[in-house]
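Please look over the sequence and the model below before reading on. The paragraphs after them go from the whole chain to its parts.

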Amino acid sequence: MKQLRIGVLVGLFAVAGVVSWAGARLWDTFGSLPSVPVAAPIVLALIAVVLAATALSLRARLRAQRERQPDAKGVDPMVAARAVVFGQASALVAALIAGMYGGVGVFLAMEQLDVPARRDQALYAGGSVLAGAGVVAAAFFLERVLKLPEDDDNDGNGPSATARA
């Protein structure tokens with residue numbers, strides 16, 4: 001399984017931001033702009049909390065197993081794999097959503113901060129960007145917790161790659 005790359009996430013964020021900023025400008029020329037939901041930063045923050053809690057729980061279980069505690073509960077490899085896939089998918093979606101709301105937020109900040117309703121929308125969009133960054137950070141933490149020791153090579157040519165061949 002490939003690791004998350006920060007460059008991919010930043011690129012996804014930037015492309016989504018530019019496209020949504022342009023879309024917001026275009027949509028605003030027709031006289032209306034869809035609102036940023038209040039729930040957007042809340043849902044992203046909840047996903048970040050779930051990812052962080054999962055990472056902390058699995059880290060504690062792995063530490064207890066490594067220290068050979070008598071009542072240590074092991075981590076099923078499928079559970080670990082599912083957690084990593086959930087973290088990676090969440091990070092990709094959060095980068096896309098944060099970029100989308102970031103583009104709308106930039107448009108609102110540049111054009112319409114004097115309108116109180118639009119100022120609130122810009123704050124919700126900024127909160128969504130921060131919560132999206134929290135999801136990405138939690139996903140990287142979860143991936144780091146569950147990284148196997150033989151996964152240290154990045155190019156697939158290290159000693160573990162020859163052992164698998």
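Residues are numbered from 1 along each chain as its sequence is written, and side-chain values use heavy atoms, with hydrogens and water left out.

The chain holds five helices and zero strands, so its elements read α-α-α-α-α from the N terminus on; helices (H or I, at least four residues) and strands (E, at least two) are DSSP runs, numbered from the N terminus. Of the 165 residues, 33% are buried, where buried means under 20% relative accessible area, exposed over 50% and partly exposed in between (1.4 Å probe, protein chains only). Among contacts (heavy atoms within 4.5 Å) between residues at least 6 apart in sequence, 83% link residues at least 24 apart.

Confidence is given as pLDDT, the predictor's own score for each residue from 0 to 100. Its mean over the chain is 86, and 90% of the residues reach 70 or more. Over residues 158-165 the pLDDT is below 50, and this stretch has six contacts in the model beyond near neighbours in sequence. Where pLDDT is low, the predicted coordinates should not be read in detail.

Now to the helix packing. The axes of helix 1 (residues 6-29) and helix 3 (residues 77-111) come within 7 Å and cross at roughly 40°. Axes here are lines fitted to C-alpha atoms, for helices over the stretch in contact, with angles from 0 to 180 degrees between N-to-C directions. The angle makes helix 1 oblique to helix 3; under 35 degrees counts as roughly parallel, over 145 as roughly antiparallel, 65 to 115 as roughly perpendicular and the rest as oblique. Residues making the contact include Leu 12, Ala 16 and Gly 17 of helix 1, and Ala 95, Gly 99 and Gly 103 of helix 3.

Helix 3 also packs with helix 4 (residues 116-145), at an angle of about 155° and with the axes 8 Å apart. That makes helix 3 roughly antiparallel to helix 4. Among the residues that meet are Gly 87, Ala 91 and Ala 98 in helix 3, and Ala 125, Gly 132 and Val 136 in helix 4.

Finally, Arg 61 lies in helix 2 (residues 39-66). Is Arg 61 buried or partly exposed? Arg 61 counts as partly exposed because its relative accessibility is 25%. Not counting residues up to four places away in sequence, Arg 61 touches Lys 73, Gly 74 and Val 75. Arg 61 and Gly 74 are 13 residues apart in sequence, and their C-alpha atoms are 6.4 Å apart.

Conventions:
Predicted model: local features only at pLDDT ≥ 70, side-chain atom pairs only at ≥ 80, totals over all residues.
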